Amino acid sequence: MLEEYNVSFASNIYSYDIHHRISILQIIADYNEGVDIAMIQERLPLNRRTIYKYIDEINNTAINDQNEAAEELGYIEKNNNTYRYVGNRLTYQRLYIRIIENSIQLLLCKQLLQNPIINIKQFCIDNYISETALRRNIAKFNTEMEPYQLSIALYKGNIRLSGEPEKIRFGITTFLWRIYRGVTWPFETVSQQLMKTIAKGIFKEYSIPDNDGKLNELMFILATNFARSQANMFPISPVSNELVDILIFDEHDQRVLTQLTQNYGLAKNDAQFVLLWLKTIPDYYLYRGRALAIDRKLASLNNPFHDTVHHFLDRIQTKMGLKIDLSTESGQNFLVSLIAGRIHVALFPDIDFTISNLNLVEVLEQNAPHLLANVKALLDPADIAQMSPVTLRALCIRYGYAFAAVQSLFYFEPTIKILVQLDSPSYIDAGFRNRLETLLQPFFNIKVQLHDIKNEADLVVHTDLFVNSNYPLEKQIYVHSQITTSDFNNLIERLNKIKAQQNTQLME
């Protein structure tokens, strides 16, 4: 799938026409071999004539905008009765942006980024929309954006963004990044080249390897803060007492802060906020042994973040018997992920995702439902007592992903025992078992075995044609020795049912 984001994040904020166009584009782009109209109708409640109309509109957008902007866009090609997307991920994103860029919600968000208020009547005149329709569009936007703590308010004939300044900036950056992905620059009042220069300087200061995606994401973070600061909107408050100790870890932090304020004119509070935002991202801790140096500094300052992080580390090692070696790369990555997670919930309370991982929260909860409860059981009770339930959940999610970097995501999930029964020589049996583990371990906590003396297996997978009399039929499944795509899908379905039926005793 090229972009499941289109249907899983915010697509419902748009008008029905825009929503259906981007949905049709996504469905067609999902299948390299192409789809027919009937397959589209299975996913969307539209008649054939309407689907034909939307496909023509998508292609008209692709042709007209490509000629106007002089950049390549994808398009939909018809061959007999099959429709296929012609292009790549980059051209897909460009075309997607062209389809949605004149939506009322996107126009509002970009204007409110650089203006404290917008006059309702003037906006309606400029965009040929009634006040009733405008209010309806804003209500749709607010409903979808509520989990991301970004909302638009109407007040005395004007429109403005509502909420805490820090969360507004986080929400705007998230919204714009998830739409534009660095493909197009949406910041009209901020120079893209200047943000690139600053971002590259920050990467160099922290010795972060070249990575276009991460560099572009940092540019969006910087641009949002520069745009809001330049317009003197909702000024960021001074750094709180909880965070003041960690604002400057070393000379690298100091140089970045000086560059932002003195060289690039960012207001002091805004620059400090940007620097703290970087501290919620583990990448900025990892160069030249910086992770351990920061940990030692936190300890010397008697900073509460150090105690809570090491409480978690100690509990993992003593209660669970896991050894975390902080002298290794993975151990240091784990350490700074915990520190960054703790800073994240202090800077952005109640926000349980980072800019680029919205869908991962849902994946975590669906695939490892017992992880967060067990992570909570390992936290410092004194730390828990100071947090709201929503902030505590956010911390558990950040710590959960940190934990998954050193242990399986399914560590706390019940083991599904699979017995393999084959009609082949033993050397082929071992190869089949290894292939089965490779295919299934990314999705489940499984144990594949060739023998089951106690008949405890949850599922019997066999390539022979004979039923194992020791197990009921519903616990058995036949697959081909090469495991076809159909076999794999059937295995996933069966294992999901087993997983749903298991009752795990959570760690006390």
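In what order do the strands of the open sheet of 4 strands run, and is the pairing parallel or antiparallel? The order is β7-β6-β8-β9, and the pairing is parallel. This is a predicted model: local features need pLDDT of at least 70, side-chain atom pairs count only at pLDDT 80 or more, and totals for chains, interfaces and linings use all residues. Residues are numbered from 1 along each chain as its sequence is written, and side-chain values use heavy atoms, with hydrogens and water left out.

**The parallel sheet**

At the edges of this sheet sit β7 (446-449) and β9 (476-478), each pairing on one side only. From one strand to the next, the twist averages 25°. Strands are DSSP runs of E with at least two residues, helices are runs of H or I with at least four, and both are numbered from the N terminus. Two strands pair if DSSP finds at least two bridges between them. Strand β6 (residues 416-421) and strand β8 (residues 459-462) run parallel and are joined by 4 bridges. Opposite Ile418 stands Leu459 in β8.

**The antiparallel sheet**

An open sheet of 3 strands has antiparallel pairing and the order β3-β5-β4. Its edge strands are β3 (118-119) and β4 (151-155), and each pairs on one side only. Strand β5 (residues 158-162) runs antiparallel to β4, with 5 bridges between them. Leu154 has Ile159 in β5 as its bridge partner. Helix α8 (residues 131-145) lies across β4 and β5 and runs at about 145° to β4.

**Two helix pairs**

Axes are lines fitted to C-alpha atoms, for helices over the stretch in contact, and angles run from 0 to 180 degrees between N-to-C directions. The table gives both pairs.

| Helices | Axes come within | Crossing angle |
|---|---|---|
| α17 (residues 329-347) and α21 (residues 389-404) | 9 Å | roughly 165° |
| α11 (residues 212-230) and α14 (residues 268-278) | 10 Å | roughly 160° |

The crossing angle makes α11 roughly antiparallel to α14. Helices α17 and α21 are likewise roughly antiparallel to each other. That term applies to angles over 145 degrees; under 35 is roughly parallel, 65 to 115 roughly perpendicular and the rest oblique.

Helix α17 passes α21 in a right-handed crossing. The crossing of α11 and α14 is right-handed. A crossing is right-handed if the near helix is turned clockwise from the far one by less than a right angle, and left-handed if anticlockwise.

Contact means heavy atoms within 4.5 Å. In α17, Phe334, Ser337, Leu338, Ala340, Gly341, Arg342, His344 and Val345 meet Thr391, Ala394, Leu395, Arg398, Tyr399, Ala402 and Phe403 in α21. By class, this contact has 9 nonpolar, 4 polar and 2 charged residues. Ala, Val, Leu, Ile, Met, Phe, Trp, Tyr, Cys and Pro count as nonpolar, Asp, Glu, Lys and Arg as charged, and the others, Gly among them, as polar.

In the pair α11 and α14, the crossing is right-handed. Leu218, Ile221, Leu222, Asn225 and Ser229 of α11 make the contact with Asp270, Phe273, Val274, Trp277 and Leu278 of α14. Here the classes are 7 nonpolar, 2 polar and 1 charged.

**Positive phi**

Tyr128 is not a glycine, yet its phi is positive, at about 55°. Tyr128 lies in the loop between α7 (120-126) and α8. Its relative accessibility is 79%, so Tyr128 counts as exposed. Exposed means over 50% relative accessible area, buried under 20% and partly exposed in between (1.4 Å probe, protein chains only).

Ser207, also a residue other than glycine, has a positive phi near 55°. Ser207 is in the loop between α10 (192-205) and α11. With a relative accessible area of 34%, Ser207 is partly exposed.
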